[in-house]
Amino acid sequence: MRQFYRLMNAQFSELIISVLSLCVTLIAASWLLVLYKIKDYNQYAVHERFEDIYAASGMPIVFLICVLAVIAIFVKSFYSSYWGSKSIYTLLTLPVKRELVYLSKLCSFAISILMLLCAQLLGFILAYNYMASKIANYSNGELEVTNGLFLAFIRSDFMRLLWPYGFANVLSTVSIFIVIITWVYHLVLCERSQRRLGGALIAAVFWPIYLVVTMRLDAFSSQGSFNSYDSSKLILYSAILLVISVICVWHSIVLLRKGATT
Amino acid sequence: MKRLRWSTLKRHIALTLTIVAAVLIIAALVLVRGAKEHGTYEITHLYGDPSVMEGITISGAIQDEHHRTSFAWLDDHVDTKTEVFAKPQRNWTYHYRGMYERINDYYYTVHLNSYKGLKIERNSLHHNRWEHSEYIEMELPIARLFYKESYSSDDMRRLSYGLAEVEGELYITLVTTTGYEGVNWIYKLNSDQWSKSMFPFESVKPTPIMSYRSDRNDIKDTTQTAVLGLEAVGDILALILVRDDKLVIEGYHTDGKKLGETAIVPFIFEEFNDELADGDNYASYGVGYEAYHDAENGMLTLSFLNQQSQRTAVTVQCTEDGIKLIDVTELKKVDKLLRGYSESLYDERFIAFKAGKLYEAGVYREINQSDNNVWYRLLPIRLLVHVYERGELVYAGELMTDVNDDLVRIKNHSMHNLNYDDAEYRNLFDLHID
């Protein structure tokens with residue numbers, strides 16, 4: 001346990017600066033993009049709802065880019081131990097189990113994603129408060145929305161996707177993040193050990209993710225039509241994603257044990 | 001020294017940042033989601049003595065596609081409970097009767113089936129949408145009714161007023177105009193063989209529990225009778241008729257035994273007996289009525305709308321001892337800048353007679369005279385409560401809410417290119433007075 005803890009901190013400290021700066025960028029972007037979107041607001045302007053402004057400001061795309069950036073940072077840190085210093089040899093000759101090496105890297109990746117999610121949430125709240133205080137300056141109560149942060153939070157499709165309500169929705173969001181983390185790590189391990197088939201999982205990963213996201217966004221499609229909202233289907237897709245995650249973890253550990261990745 | 005500290009921190013950086021991120025996320029979610037009961041629900045007394053509200057509960061819900069806040073105004077405070085939907089839900093906009101009759105979990109529609117019988121369609125509600133249509137076709141001897149004029153589409157629309165439910169059994173009578181003569185019946189629909197097919201293979205023969213004439217036997221008697229509908233109060237059936245210038249409510253047991261009747265004179269309907277209106281002396285009413293049942297006290301309150309968009313509430317008590325007229329109250333027009341919607345389609349209302357007083361809770365829309373052309377649905381909503389005693393207004397109050405904040409986005413907006421979706425705006429639903 002102690003070894004795992006030390007390894008994880010060591011792995012994570014390689015990512016920390018880049019991840020922290022991404023988080024700061026994400027929070028700043030939430031504020032700046034919303035600020036730009038409402039720069040012309042005055043008492044004669046049309047006041048869109050905050051969730052619509054947030055979506056129109058491009059923040060969902062910015063968040064997606066940040067997630068991709070975290071993945072890139074992780075992949076880069078993974079490959080950096082093969083290039084230059086070749087620290088992978090040191091890592092794999094350490095007197096610790098290889099599962100621990102794997103898990104420590106996986107955890108540091110997961111913590112990076114968690115921090116990004118935290119930044120997204122804080123950015124949303126910051127941007128809302130900025131907008132609310134700006135409107136409060138000139139509206140005399142006419143253009144303000146009582147309890148607006150809560151309403152924006154539950155009415156925004158994007159926020160409901162990230163911060164869902166209901167067991168099936170929470171499960172599906174969590175499964176998506178877990179599968180992305182384990183699958184990306186598995187993908188690079190496969191590449192290193194020249195297991196070409198590892199890439200074939202891509203369809204198995206993205207098809208359920210696609211189904212879950214479209215089902216949850218298009219909840220109005222009528223009962224019985226293709227991919228209409230059904231919580232038991234959501235649980236099924238989440239289970240598929242979790243099974244894929246387990247397979248990824250298991251196969252990654254097998255590859256590491258074999259020493260195939262060096 | 002500084003270096004040492006950083007290296008110490010670095011040894012625990014993963015755990016530290018995980019805890020920080022987790023705490024921030026939990027705190028933010030608790031802060032935002034915990035605000036779900038922070039909406040505005042305040043009682044304002046507008047007129048009269050608020051003590052008439054003691055012991056009365058006015059409940060309802062404010063709902064949009066994402067959440068629903070149930071509220072209960074009890075005495076001097078309001079309790080709320082908010083539920084956030086896992087899946088967005090459409091609002092159900094048909095609050096009242098007309099083409100549809102809501103009984104328990106089903107919406108019923110009655111169709112006239114090529115003059116040979118009736119077809120009943122029922123739809124269950126699933127997330128406020130109709131699902132699973134089912135049908136029953138009935139053979140009714142409609143030919144026993146001689147129609148003097150053809151059945152208009154307006155009358156067809158009223159057919160479902162003839163449906164009522166007592167203890168899980170459906171009863172039906174044929175809603176007619178004064179253009180019909182002959183024998184009408186109240187039937188018990190002795191079948192629950194609902195067919196998924198729009199054209200059921202077999203017709204059902206319902207059991208007549210009683211028959212009544214839509215005219216008098218004596219040819220010289222020119223009484224004109226129209227059937228407005230059938231209501232159930234507890235286990236008593238109330239048949240709502242128009243006879244000449246009278247509104248007649250007859251009470252029946254489910255075995256067909258007549259319990260009594262009561263009449264309100266004059267009660268003029270625009271469609272049947274407008275010529276009796278005697279100039280402007282009497283208001284004439286539309287045939288579409290709203291019914292509010294209080295099975296516990298055997299009370300039935302019928303609300304009729306007249307040509308001047310004014311409502312009259314008629315309350316009768318239906319017990320084993322007979323049918324008794326309790327109260328007739330003309331509901332006041334509250335304010336000329338407020339109006340209730342007349343076509344009973346959009347806005348909620350509930351009327352109940354309790355402890356000698358008539359309580360009305362209803363949704364009204366603010367009419368801003370400067371923009372008279374604004375679409376009705378985009379006018380601000382107000383929930384007003386009126387209490388009448390012996391026909392006189394004794395109390396008016398309002399439940400102040402923040403539903404109209406949803407209209408902020410259409411302020412300063414050009415109405416020509418407005419993209420409007422009902423589900424995105426909160427509205428009031430399921431008003432009830434207990």
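## Start with chain A

Colour chain A by secondary structure and follow the trace from the N terminus: the elements run α-α-α-α-α-α-α-α-α-α. That comes to 10 helices and 0 strands. Bear in mind as you go that this is a predicted model. If you orient chain A along its principal axes, the C-alpha trace spans about 70 × 45 × 30 Å.

## H5 and its partner H6

H5(A) passes H6(A) in a right-handed crossing.

Now show side chains. From H5(A), the contact takes in Leu121(A), Phe124(A), Ile125(A) and Tyr128(A), and from H6(A) it takes in Gly148(A), Leu149(A), Ala152(A) and Phe153(A). Sort the residues of this contact by type and you get 7 nonpolar, 1 polar and no charged.

Stay on H5(A) and run a distance between its end C-alpha atoms: they are 62 Å apart, and since 42 residues at 1.5 Å a residue should span 62 Å, the two values agree. Step off the end of the helix and you land on Asn140(A), which has a positive phi of about 55 degrees.

## On to H8

Select residues 167-192 of chain A for helix H8. The helix has 26 residues, and from first C-alpha to last it reaches 38 Å, close to the 38 Å expected at 1.5 Å a residue. Just after H8(A), look at Gln194(A): its phi is positive, at about 55 degrees.

## Where chain A meets chain B

Bring chain B into view and pick helix H1 of chain A (residues 2-37) along with helix H2 of chain B (residues 13-33). Their axes come within 7 Å and cross at roughly 70 degrees. H1(A) and H2(B) are therefore roughly perpendicular to each other. On the H1(A) side, select Tyr5(A), Met8(A), Asn9(A), Phe12(A), Ser13(A) and Ile16(A); on the H2(B) side, select Ile13(B), Ala14(B), Leu15(B) and Leu17(B). The residues of this contact split into 8 nonpolar, 2 polar and no charged.

## Two sheets in chain B

Which strands make up the open sheet to look at here? Pick out S4-S3-S2-S29 of chain B, in that order, with antiparallel pairing. Strand S4 (77-84) and strand S29 (427-433) stand at the edges with a single partner strand each, so one side of each has no neighbour in the sheet. From one strand to the next, the twist averages 15 degrees. Zoom in on strand S3 (residues 67-74) of chain B, which pairs with S4(B) over 8 bridges in the antiparallel sense. For one of these pairs, click His67(B): its bridge partner in S4(B) is Val84(B).

Last stop: another open sheet of 4 strands, S14-S15-S16-S17 of chain B, also with antiparallel pairing. Its edge strands are S14 (225-233) and S17 (258-264), each pairing on one side only. Here the twist averages 20 degrees from one strand to the next. Strand S16 (residues 246-252) of chain B pairs with S17(B) over 6 bridges, again antiparallel. Finish on Tyr252(B), whose bridge partner in S17(B) is Lys258(B).

Key: Residues are numbered from 1 along each chain as its sequence is written. Chains are lettered from A and ligands numbered from 1 in the order in which they are written. This is a predicted model: local features need pLDDT of at least 70, side-chain atom pairs count only at pLDDT 80 or more; totals for chains, interfaces and linings use all residues. Side-chain values use heavy atoms; hydrogens and water are left out. A crossing is left-handed if the near helix is turned anticlockwise from the far one by less than a right angle, and right-handed if clockwise. Contact means heavy atoms within 4.5 Å. Ala, Val, Leu, Ile, Met, Phe, Trp, Tyr, Cys and Pro count as nonpolar, Asp, Glu, Lys and Arg as charged, and the others, Gly among them, as polar. The expected span of a helix is 1.5 Å times one less than its number of residues. Two strands pair if DSSP finds at least two bridges between them. Axes are lines fitted to C-alpha atoms, for helices over the stretch in contact, and angles run from 0 to 180 degrees between N-to-C directions. Angles under 35 degrees count as roughly parallel, over 145 as roughly antiparallel, 65 to 115 as roughly perpendicular and the rest as oblique.
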